[in-house]
Structures are given as C-alpha cells and as structure tokens.
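Please read through the report below with the model open beside it, and follow each part in turn.

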Amino acid sequence: MIVVLGLAVVGTPGATAGDEQDRPVLRVGTEGTYPPFSYEDGGDLTGYDIDVMKAVADEAGFDVEFVEAPFDALFPALDSKRIDVIANQVTINDEREARYLFTEPYTFSRGVIVTATDTDDITTLDDIEGKVAAQSETSNWAQVARDAGAEVQSVEGFAQAAELLVQGRVDVVVNDNIAVLDYLASTGSTEIEIKGQVDDEISKQALVFRQADGDLRDRADAALKKLAADGTLAEISEGYFKADVSVEDGGDVEVEGSGGGRSTWEVLQDTAGPMLVGVLKGTIPLTIISFVAGLAIALGVALARMSSVKALRLPARFYISLIRGTPLLVQLFVIFYGLPQIGIKLPGFPAACLALSLNVGGYAAEIIRGSILSVPRGQFEAATTIGMPYRQLMRRIVLPQAARIAVPPLSNTLLSLVKDTSLVSVVLVTEVLREADKAASLTGEFLPLYCLSALYFWVICFALSIGQDKLEKKLGRYAV
Amino acid sequence: MSTTGHLIEVEGLRKSFGDTAVLEDVGFTASSGTCTVLLGPSGSGKTTVLRSLNVLETPDAGVVRIGEAAVDFGELPRDKGLRRKEIRDLRARSGMVFQSHNLFPHKTVLGNIVEGPVQVQGQSPEEAEAEARRLLEQVGLAGRETAYPAQLSGGQQQRVGIARALALKPDVVLLDEPTSALDPELVGEVLAVIRDLSQQGWTMVIVTHEVRFAQDVADQVLFLHSGVVAERGGAEVLTDPQQERTQQFLRRVLEAR
C-alpha cells in the first residue's frame, strides 16, 4: 500500500500552476458552504465567486478544477500547492498581502455585527471587547473581532457560527453583510439579526495566488479588469444581489436566500442523495482500503514486535507507540499538510487512506500480537514437530486460530474506522458529514441533517456487526 | 559418532537453567524396533531428555543421533541456515505424541493427520488421505474423519494424536506421558493402541508413569533422578530395582494406584 501511494506521489501529473502551458489547469479552492458566494445547488457548485472565477478562467484561458474545503483549510492547501488560487471572498489585508498575491478586488462589501435578536448591548465593534465571537479561525473577520478584543471561538463556517448565536453559546459574529443577508433570507430566522456595521471602511475581496505565481495572478488580473470594463462582473453581481458589488457604490444588496425556502423534509430529501454519494465514494472505499492495508501493516508490525531480532522489535514498538499516542487528526494534518513541505505530496484521498491505514495498523498490531500470544504453546510445538518452518507454522496453524480470537476486537477497530472517516473532510475529501455540513450551511437545518448522517453511519456499522457475527460463527465452527 | 548399529544414540546430554542443572551427562542407545521407557520423579529430567530428541529443548551440550541425522549441541554450526537444517533433519526422524495431544483445533481429524505429509513432506493429498484413513482404522477411529478435535473424547483425541505422529512415517515415535491427562477410564484404549505399535515394530521412546504397562512393552528402562540416569536395564528394573531411589519411586507410584 505504502509503495503504491509512494508511486502515486512520483506519478502525479503536474496540474501545477507553474507549468508554462497555454491553458494551465487551475485548482481553485473554495468553501462550497458559503452562500451566496460559494455553495451547492442541487449538487452543482455555484455562487457569485464561482461564476466570477469561471468568467476569469474563460477570459484568461485557464481550465479550472474546483476543490472544496472548510475555510481554515484553504490557506494551508494553497501553501502546500494542493490548490493554486482561492475564490472565496478572501478579504485583502496587510498580513495576507505580505504573504500572497491578490488580484484587483471583485467584491466591495461591509462587515456587519450580528447577535441574537434579544442581545441589545452590542451595536459597534467597541462593544464586543471581552465578548465571545464565533468565526472561521483564519478569516479576516476573525482578525477584526480579535483586534476589537473579542475572544474568538473557531467554527467551520458562517452557518455554524450563526447556529451558535441562536443557541446562545457565543455573543457575536462578525461577517460580510451579504452572507448574513443571504442566511437570514434562506432560513427566515428571526432569532439573530444585524445590529451594526463594523466601521465605515469598505472591505475588498479578491482572488489569492501564491507569491511565486506572479504571471498567473497577472493574467487573472487582466481578465478581471476586462470583465469589469465590459460589464460582465456587474451582470453576474446583479444576478445574485440585484446590485453591483464589484464596485464601491453599487447600490443596496437584495438577496432571495440561496437556501430557497425549502421545508425540513425537502432539505433532507435533497441532501440524502449527495450524502449517499458521499458514503459510496468516500466513507466506504476509505474504510475498505484503509482496513485491508491497515491489517497488512498490523500483521507485519505484530510479527516484528515479537521477533527475536532487536532491530525489528524496536521500530515496531516505536511505531505502535507513536500511532496510539497521537491524535488521528494530527496524523492526518502531518501527512496532508506537513509532508508536502519536505517534498512528499499526496492527493487528499490517498493521503486520507495512508493516515487511516497507519492508524489502523498501530491499533490492530497489538490486537494481532495478543491473539497470536493467546494461541497455546503446544500448537507451536506440535507444528514444529511435524516439521513446519516458521512461515508455514504461522500461516497454517497459528494465524487461523489467532484470527478467531482477534475478530471481536478487530471489529471494534473497523467500526471506529468507519466513524473516523468523518474526519477526512479536513484533507479535502468529501464524505457523508461534509455533505451534511454543506446542506446545513445553506439551510441551518443542523439537527435533521446531522441525524441523517448519523443514520448513514449507523446503518453501515449495523451491517458490519452482522458480518462480524457471521464471521465469528464461521471461524468458530470447530469449537464445540 | 561412530555407527554402532543402534538407531538412536544419545551421549553426554547436559542442560541447565541458570544455576540449576536439569540434565547431567545423560546418554543411552536404542536399537530399531525397541521400546525405551523413561521413568523418574517429576523434575528428574525425563521429559527434557525426550524433548531433546526432537530439539523442542536445546541441550547445552551432548549429541543426539537418530539414523543418519545427528546434532552435536556442544558444536552447533555458527551459520544459522546450516544450524536450522541440522535440526530440521533430526526432527524429521521422529514423530511426537504430546501429553495434552495438541491437535490443531481448526482442522478436522483427517486434516490433522494429513497436514504434515501434505504440507511438509509434499505427498499428494489423495495418497496422504488414503494413508490417514488406514491409520485411523488402526487406532480404532474409522468413520470420524470429518469430526473436529473438540467433538472427540480425550482418549479419541490422543489416538488421533498418535495417528498424526505415525503419518509422517518417522523412524522413532516419541510419547510424552501420553495417558497422564486422561480420565482413568480412557487410559486403557490409548495404552492398547501403543502396545499395538510396539508389536508392529515401531521404535518408541516413552515417558510414562504406567509401570505395569511399561513392564509389558519396555525393552529398555531408564530411571532418571536429578538429571542423571540412576539405573538402567531391561523390564526387570521395574520388578527388581537395584537402586534405593528406584525402589522408593516405584513403591510410591504403585501405592498411588
């Protein structure tokens, strides 16, 4: 498995922006959960930023490939060259300008201060000092809130921030006025409202490139200027906001709400399909590949751990200790965002498989070792006296008996793995929970959508536990 | 070691665990077709001697030869591969019957018996199965081919264990207290099978406490005490022991019956 993944690294065709081709393929990072700028409508990615990006690509002669990820994953993805540009209402500020290249702005907007309806002591930025604000950790608005003295609680996106406000878990959210208006229109919520403006300053949002990609930025910039001049940007903006947000004074924004006033039942019906796709394309293949590869790793490590050779035993112990002693999330981050810095870059899916396999390997190794040790000494001796060498003895006599002992604890590992796959959205892999998040960001229907995703997980795990029973019966048929 | 016409030659076996000597200079010979009985109180080293014959225990010094295969434990080859080969060759000369049978629980009766011949000796499954059925008949278990060990009584399990050892067509059959773990009413059927083997001319080395049975089958008796052979002779050792330690031991064993 590791070898295969290793080859994948070497063999990944360069979709990199550095290529001096006529039509470079640009991988565009975007949230997909930030209506009306970047969201999914009936499974298709759409929104103001998406349309602008497509228009820029047409004009500049790029091919684009959208990569969806939570906001806080976008800059790390840009840094690790997993994406080439971010189209997600990234506000231009000094810190970012020092590290990245911005195009001309394509959105002019105002920050607003949002609180629960019954909160009446927060109307300006000065009021949020000492309050708790829910923000995407790395967003410009988080920095604004922090600078104003608020304590920032990190969330995945605006919809979750709004939900925390409704629940009274946080005091305030600072965000772009258009996104807030869209949320209010989509959900019809009267529980939160806009209480004030951030300040008089207009914030500007633009496309972001890496420092090294000056020529790409210049091409995008030229395209944006042309689209602004020929009225294309204004047209896109009018379509979404009935106003031109691509210039400073484009009129008052009016939004209908991207969520489209669906009932809870309709939301669930619309989301069940994409979630099932998330199960079939994400959860299930991730689980199968990682479990099979993980067991292979575990068997090797367990045997090494029991070896009489110290040079095998010590690394095996270290590996097990490392895997069991660090959070899976950290392992995912190290492999996905960390390794590219030393030149090992895996795409999201293989990276997720590698992290999950290594994780399963560490836990299952100890299970397998324990199971082998619990096979009676006499079985080793009997196999030895009929002349079996070590490998044959293991394969034909010891492991089949150890397997029976290992099935219940390994089933636990498998079920944990199924559920751990819900973590991989942080490495840009889409699975069930990510689909639920996307739908919830449009509609605010957290409870039904999360329950539905829980149902999917439960059904998978239930089916697996039936399989476990059958396997135990089959392996245990000789024990009367 | 010179060839003396004996099938088994054991010389100068020594073994100690830490400061405790388990075997001190144990040696014996046995001719083809004979039955050697190892007797002695627990801790006397008799099982260690038996397990040295197929290198389940590795003595610190001494030589074991069975037929053409010999291992000199005092001068094992340095090369790991060579060492393994010597030991494997010696092991291939014997079959072992364990006190607690050690049948493979995940294989059927037939599967247990053909495992060695097919997987190790490379016999064809058909050939090995035919032989296995013949052996099962010999030990009185025809018809139980497809049973799993857990479905058999202790005596039946031990008889399968004997068939498994014989299937390898070894030069020597080693039996380590083959009836000690059995309920008393099952001992007879197993002893009857072993007696049968002796009459068929199998060469056997047995560790047992069944003195009366030993009288029937033994061509040679070794009485071990504290890691040395305290007395040796024919079956008459059991009825007319010369050493006091042997007399004491036999008295205790016979009284316990």
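## Domains of chain A

This is a predicted model, and in it chain A is divided into domain 1 (2-107 + 205-241), domain 2 (111-197) and domain 3 (264-475). The C-alpha centres of domain 1 and domain 3 of chain A lie 34 Å apart, and the contact between these two domains takes 20 residues from domain 1 and 16 residues from domain 3.

On the side of domain 1 of chain A that touches domain 3 of chain A, the elements that give two or more residues are helix H1 (2-11), strand S2 (33-34), strand S3 (38-41), strand S5 (63-68) and helix H3 (71-79) of chain A. The residues of that side divide into 11 nonpolar, five polar and four charged.

## Contact between chains A and B

Chain A contributes 17 residues to its contact with chain B, and chain B contributes 20 residues. On the side of chain A, helix H14 (377-385) and helix H15 (390-420) are the elements that give two or more residues, and H14(A) gives the most, with six residues. By class, this side of chain A has eight nonpolar, seven polar and two charged residues.

## A sheet in chain B

In chain B, six strands form an open sheet with mixed pairing, in the order S6-S7-S8-S3-S9-S10. Strand S6 (94-97) and strand S10 (228-233) of chain B each have a single partner strand, so one side of each is left without a neighbour in the sheet. From one strand to the next, the twist averages 20°.

Strand S9 (residues 220-225) of chain B runs antiparallel to S10(B), and five bridges join the two; B:Val221 stands opposite B:Gly233 in S10(B).

Terms used: Residues are numbered from 1 along each chain as its sequence is written. Chains are lettered from A and ligands numbered from 1 in the order in which they are written. This is a predicted model: local features need pLDDT of at least 70, side-chain atom pairs count only at pLDDT 80 or more; totals for chains, interfaces and linings use all residues. Two strands pair if DSSP finds at least two bridges between them. Helices (H or I, at least four residues) and strands (E, at least two) are DSSP runs, numbered from the N terminus. Axes are lines fitted to C-alpha atoms, for helices over the stretch in contact, and angles run from 0 to 180 degrees between N-to-C directions. Two residues are in contact if their C-beta atoms, placed from the backbone, lie within 7 Å. Ala, Val, Leu, Ile, Met, Phe, Trp, Tyr, Cys and Pro count as nonpolar, Asp, Glu, Lys and Arg as charged, and the others, Gly among them, as polar. Domain bounds come from an automatic or database domain assignment.
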